[in-house]
Amino acid sequence: MNLFRLCGDLSHLVAIIILLLKIWKTRSCAGISGKSQALFAVVFCTRYLDLFFSFISLYNTSMKVIYISLSIGTCYLIFMKFKPTYDSNHDTFRVEFLLGPCVILALVLNHSFTVTEILWTFSIYLEAGAILPQLFMMSKTGEAETITSHYLFMLGMYRGLYILNWIYRYHTESFFDPIAVVAGVVQTVLYIDFFYLYVTKVLKGKSLVLPC
């Protein structure tokens with residue numbers, strides 16, 4: 001494992017912890033898209049099925065368990081424990097328009113036509129767009145809380161660091177996975193506009209108001 005991947009994994013973990021702490025401390029999930037969090041839970045559950053029959057390392061297994069547990073835990077807080085605070089009126093992204101294409105792509109463009117490989121590929125495609133409900137929700141409300149902005153920034157950092165990880169592995173190991181790389185680049189592109197607003201607004205202590 002190289003430093004870029006390690007930092008990427010840690011950024012991803014920090015993002016999830018930031019979100020969980022925000023919900024728990026405020027006792028509210030206002031401003032958070034439950035649909036995005038449900039999609040991320042689906043991503044982890046379909047990607048890490050190999051937990052039951054494959055062992056790579058203690059670190060690898062631990063991170064998989066942590067991601068699955070925290071994502072399901074986040075969904076529990078949003079849809080059950082703090083459900084009265086969940087803003088379903090603004091969380092209206094049509095996830096079927098995301099799930100459908102991801103299923104089709106996974107069936108058509110994959111490394112091998114096996115159940116585990118198709119589910120892994122599906123998770124890669126789905127992760128690329130899983131943040132869309134959150135961004136769509138923010139565009140409808142016109143703003144985002146500072147802590148939610150920190151969460152999104154760390155998610156974007158995770159993807160950016162993974163791109164550096166792929167570049168490093170290509171030059172040192174001649175490793176290149178077109179499915180993961182293309183999906184990762186697409187996901188990173190979705191954060192570009194948000195990054196600009198984060199740097200110019202949030203880091204200067206201003207509220208993040210999205211353009212109409």
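Is the crossing of α1 and α3 left-handed or right-handed? I looked it up: α1 and α3 cross in a left-handed way. (Left-handed is when the near helix is turned anticlockwise from the far one by less than a right angle, right-handed when clockwise.)

**Ground rules**

I noted that this is a predicted model, where local features need pLDDT of at least 70, side-chain atom pairs count only at pLDDT 80 or more, and totals for chains, interfaces and linings use all residues. Residues are numbered from 1 along each chain as its sequence is written, and side-chain values use heavy atoms, with hydrogens and water left out.

**Confidence**

I checked pLDDT, the predictor's confidence in each residue, from 0 to 100. The chain averages 90, and 92% of the residues score at least 70. Confidence is highest in α2, at 97, and lowest in strand β2 (residues 208-209), at a mean of 58. Helices (H or I, at least four residues) and strands (E, at least two) are DSSP runs, numbered from the N terminus.

**Helix pairs**

Back to α1 and α3: their axes are 11 Å apart and they pack at about 25°. Axes here are lines fitted to C-alpha atoms, for helices over the stretch in contact, and angles run from 0 to 180 degrees between N-to-C directions. So α1 and α3 are roughly parallel to each other.

Next I took α1 and α7, whose axes come within 8 Å and cross at roughly 165°. That is why α1 and α7 are roughly antiparallel. Their contact has 17 nonpolar, six polar and three charged residues. (Ala, Val, Leu, Ile, Met, Phe, Trp, Tyr, Cys and Pro count as nonpolar, Asp, Glu, Lys and Arg as charged, and the others, Gly among them, as polar.) The crossing of α1 and α7 is left-handed.

Then helix α4 (residues 96-108) with α5: the angle is about 140° and the axes are 8 Å apart. That makes α4 oblique to α5. This crossing of α4 and α5 is right-handed.

I used a 1 Å grid over the protein atoms alone: a cavity is a set of points where a 1.4 Å probe fits but cannot get out, a pocket is an open set with protein on both sides within 12 Å along at least five of seven lines, and lining residues have an atom within 4 Å of a point.

The largest pocket has a volume of about 870 Å³. (Points are joined across faces, edges and corners, and a volume is the space filled by probe spheres set on them.) I found 36 lining residues, with Arg 5, Arg 47, Tyr 48, Asn 60 and Trp 120 nearest the centre. By class, this pocket lining has 18 nonpolar, eight polar and 10 charged residues.

One cavity of 30 Å³ or more turned up. About 80 Å³ lies in the largest cavity, and α1, α2, α3 and α7 each give two or more residues to its lining. Among the lining residues are His 12, Phe 40 and Tyr 151.

Notes
Parallel < 35°, antiparallel > 145°, perpendicular 65-115°, else oblique.
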